[in-house]
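Biologist: I would like to go through a structure with you. Please show it, and I will ask how you know things.

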Amino acid sequence: MKGCEDYGANIQLYLDKELTGQDLEEFHAHLEECPACRNQLEEEEELSDLLHRSRPLYSAPDALRKRVMRAAELFPSTTTHAPLGLRRRIAKILARPLQSARRPSWPALVTAILLVTVGLLVVPGVLRQSRANSYIETAIAAHRSFLNGSLPLEIQSESPSVVTAWFTGKVPFNFRLPSSAEESGHEQVYRLTGGRLVNYKGGYAALIAYQTQQQKISLLVSSSRSAVAAGGEEVPSGGIVFHYSKQAGFNVITWSTHGLTYALVSSLPGSGRQSCMVCHQNMTNSGHFNAHR
Amino acid sequence: MSWNHNGMDQANATGIEYIDGLYSYALVLTRNHAEAEDLVQETYVRALQAMGRLRAGSNMKGWLFTILRNIWFNQLRKRRNGPQMIEIEAEDGIFNSIVEPSKNSHDLYVSKMETEQVQAAIQELPLQFREIILLREYEELSYQEIAGILDCPVGTVMSRLGRARGKLRVLLSATLKGSNSSSVRGSQ
């Protein structure tokens, strides 16, 4: 008769359906009379159940899925006999420029050159403004959804360090919310309430939520690689150019610094710059915007 | 032989059904969203080119995972032999597919939190443990298939898997306790 120590490895094999025949029967019999092994098996199963509930671990982005499916559809069904050259050609056509590629792909390069040329010669500033508008639209839509409750916060905390930690690894850029109270040096009119992820250009931007006594304010943060600040009333302050505008009934302020682009959306009273005064009373102090860096 | 043997339809014949698994494996290996996408795409491109060499009855799933792993390790080797680059993993976050939460859906919220905890715990593991957990728990590959992909003996698969689970259990102890006290989602 075998003891529990002989069945230790069998618990894992049983869990992984690797136990068969006589070994399986013996193990079943042992389980029936051994509460210790049953407990151990249950513990193993709990971990497996937890992992299985999170299947798939990650979902492939839609854009990637579509590219692969398009490749599959275009690939001839008689692939067995398709010449190697044809197969290579199709695969080459369908391969997108790799995001982390060290070499440029010619179609992408030509497109980029054309876009830059058009942008420089025909419509200077149009593309930049279009990207800026797209970012503002996203910020306003996110703010509106946040206000009506359809975009609930995924992390709720008044602690900048907790909110910063939550975003770490979830957004494709690094940022840190400083302790506003320490840096502003005066009584805070607003407080941090939390944040969540927002889809932007196939990736994620960070939505940071603040609350004043009367209303909610949202701050959208994204990498300057995908979002730009442009247009509106431009006010340089503390080495940063702030862009003020009023859109869709909201006051919007955008700016870029340290590789990140910000869009602050609120219904604070007053036009653009005046709305900043609500939270940052000393506009002449170049350090007053530290809270947003 | 081509991928559409054995009565498989065209969609199955391309291996597209494995894309989530391949993407997960790529993210587990690279811990980088952009690199993972590149890796999956490169895997399918290579597979398309090599499909004629896949024999009838071959295990396409294992084959695709092997291709992906080989590409990744070849890239690593080239990087090591080439100019050294500073890797800043934190610059590229690990994305998961965020399902827009439905209103007042507590279950969905709990489920999402749990998934994020699992993802974070797995990504904390050493590379060898991350990939073996992915291949067994998520892809349900047999020890033999895993041994084929990792190019190691079955015994190594078994022992490594045991150690990986032990470490993961420690990392997920709080989540396991939580799921015991309130079974919100139920087993699937």
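Biologist: Which residues does A:His243 touch, not counting residues up to four places away in sequence?

Modeller: A:His243 touches A:Ala229, A:Ala230, A:Gly231, A:Glu233, A:Glu234, A:Val252, A:Ile253 and A:Thr254. Contact means heavy atoms within 4.5 Å. This is a predicted model, where local features need pLDDT of at least 70, side-chain atom pairs count only at pLDDT 80 or more, and totals for chains, interfaces and linings use all residues. Residues are numbered from 1 along each chain as its sequence is written, chains are lettered from A and ligands numbered from 1 in the order written, and side-chain values use heavy atoms, leaving out hydrogens and water.

Biologist: Why is A:His243 called buried?

Modeller: Its relative accessibility is 8%. Buried means under 20% relative accessible area, with a 1.4 Å probe and protein chains only. So A:His243 counts as buried.

Biologist: What does the side chain of A:His243 reach at 3.5 Å?

Modeller: That side chain reaches the backbone oxygen of A:Ala229.

Biologist: Where in chain A is pLDDT under 50?

Modeller: pLDDT is the predictor's confidence in each residue, from 0 to 100. It stays under 50 over residues 115-124 of chain A, and also over residues 181-185. The mean pLDDT of chain A is 74.

Biologist: How many helices and strands does chain B have?

Modeller: Chain B has nine helices and zero strands. Helices are DSSP runs of H or I with at least four residues, strands runs of E with at least two, numbered from the N terminus. Of the 188 residues of chain B, 50% count as buried.

How values were computed:
Polar contact = N/O pair within 3.5 Å; in protein donor to acceptor, adjacent residues only side chain to side chain.
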